[in-house]
Amino acid sequence: MMSNSKPQILLTNDDGILSPGLWAAAASLSRLGFVTVTAPRDQASGMGRSLPNTSDGIIEEKKVQVNGQEWTVYSIGGSPAQTVLYGMLEVMKRKPDLVVSGINYGENVATGVTISGTVGAALEGAALGIPSLAVSLEAEPKYHLSYSEEMNFLVAAEFTYQFAQMLLDRKFPVDVDVLNVDIPSDATLDTPWQLTRVSRQKYYESLAPERKSWGEPGMLSYREAGSLEDEPEGTDVYALRKKRIVSVSPLSLDLTSRVDFLELDKLMRSR
């Protein structure tokens, strides 16, 4: 069914193949080009850009209904980043024109962007030289691992379409590898967007397992800990939480600290 006359879009997520957010994105992106969906078989939130050697890599074809049409999609036993690789190397057997990851249940902002499987999949696409987009919809933590139909992805899907079109139509600067888009839960089609920096605060706080001994299985949990008290204007957290607008953070694969190397070298060599 692949059409070479249309842009080829590879779509994935970290919530899994059954996520309503994934299908909202698929429906919207299909207006731009041919969408190939390769998504994790299971919930894969918090996996970052990991490529675990414990993944089985099994690819299963599935049939789903999107906007009244039957789609063939691919459920993969792997991390979000691995679904990008399997999608390109085995399913599409070519590089897509665009990689999109989302729409995620819950925002991916601040220092948590490196933990996010949504962002990790987009970074994997960027590492392959493909323009990449990560999209997340603000949500309470109780919805993060759910497929709750209380979440409405229609507005987020329109923003997904808008930024995907930008990435397909325009030549972005070399250091813009991923656009990380976070959408307020109360956004409308008229909500403005703003380019933002990634906040340095720890937006989610990790919690110890509740167990009687270390010999028992114990899963770390987390709670939202985002604060606006000392948050500077211009960050993703400030835009999303204070201004209630769409945050668009351009991310780079270059994680090098933005410091004066001469000054840092002097500091490190001083006695």
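Reader: What should I know before starting?

Author: The model is predicted, so local features need pLDDT of at least 70 and side-chain atom pairs count only at pLDDT 80 or more, while totals for chains, interfaces and linings use all residues. Residues are numbered from 1 along each chain as its sequence is written, and side-chain values use heavy atoms, with hydrogens and water left out.

Reader: How many aromatic pairs are there?

Author: The count is five. Rings of Phe, Tyr and Trp (its six-membered ring) pair if their centres lie within 6.5 Å; planes under 30 degrees apart are stacked, over 60 edge-to-face, and the rest tilted. One of the pairs, F159 with F163, is stacked, at 6.4 Å centre to centre with 20° between the planes.

Reader: Where do F159 and F163 lie?

Author: Both are in helix α4 (residues 154-169), four residues apart, or about one turn of the helix. Helices (H or I, at least four residues) and strands (E, at least two) are DSSP runs, numbered from the N terminus.

Reader: Why is the pair of F163 and W193 called edge-to-face?

Author: Because the ring centres of F163 and W193 are 5.5 Å apart and their planes stand at 80°. F163 is in helix α4 and W193 in strand β8 (residues 193-195), so this pair ties together parts 30 residues apart in sequence.

Reader: New topic. Which residues touch the most other members of the largest nonpolar core?

Author: They are L11, W23, V37, W71, I103, L133 and I183, out of 43 residues. Helix α4 gives the largest share, eight residues. Such a core is a set of buried Ala, Val, Leu, Ile, Met, Phe, Trp, Tyr and Cys residues joined through side-chain atoms within 4.5 Å.

Reader: What is I183 in contact with?

Author: Leaving aside neighbours within four places in sequence, its contacts (heavy atoms within 4.5 Å) include V135, L137, A156 and F159.

Reader: And where does helix α2 bend?

Author: Helix α2 (residues 80-92) bends by about 35° at Y86, taken as the angle between axes fitted to the seven residues ending there and the seven starting there. Its buried residues include P80, V84 and M88, and what covers the buried residues of α2 includes β1 (8-12) and α3 (117-127).

Reader: What follows α2?

Author: K93, whose phi is positive, near 60°.

Conventions. Buried means under 20% relative accessible area, exposed over 50%, partly exposed in between (1.4 Å probe, protein chains only).
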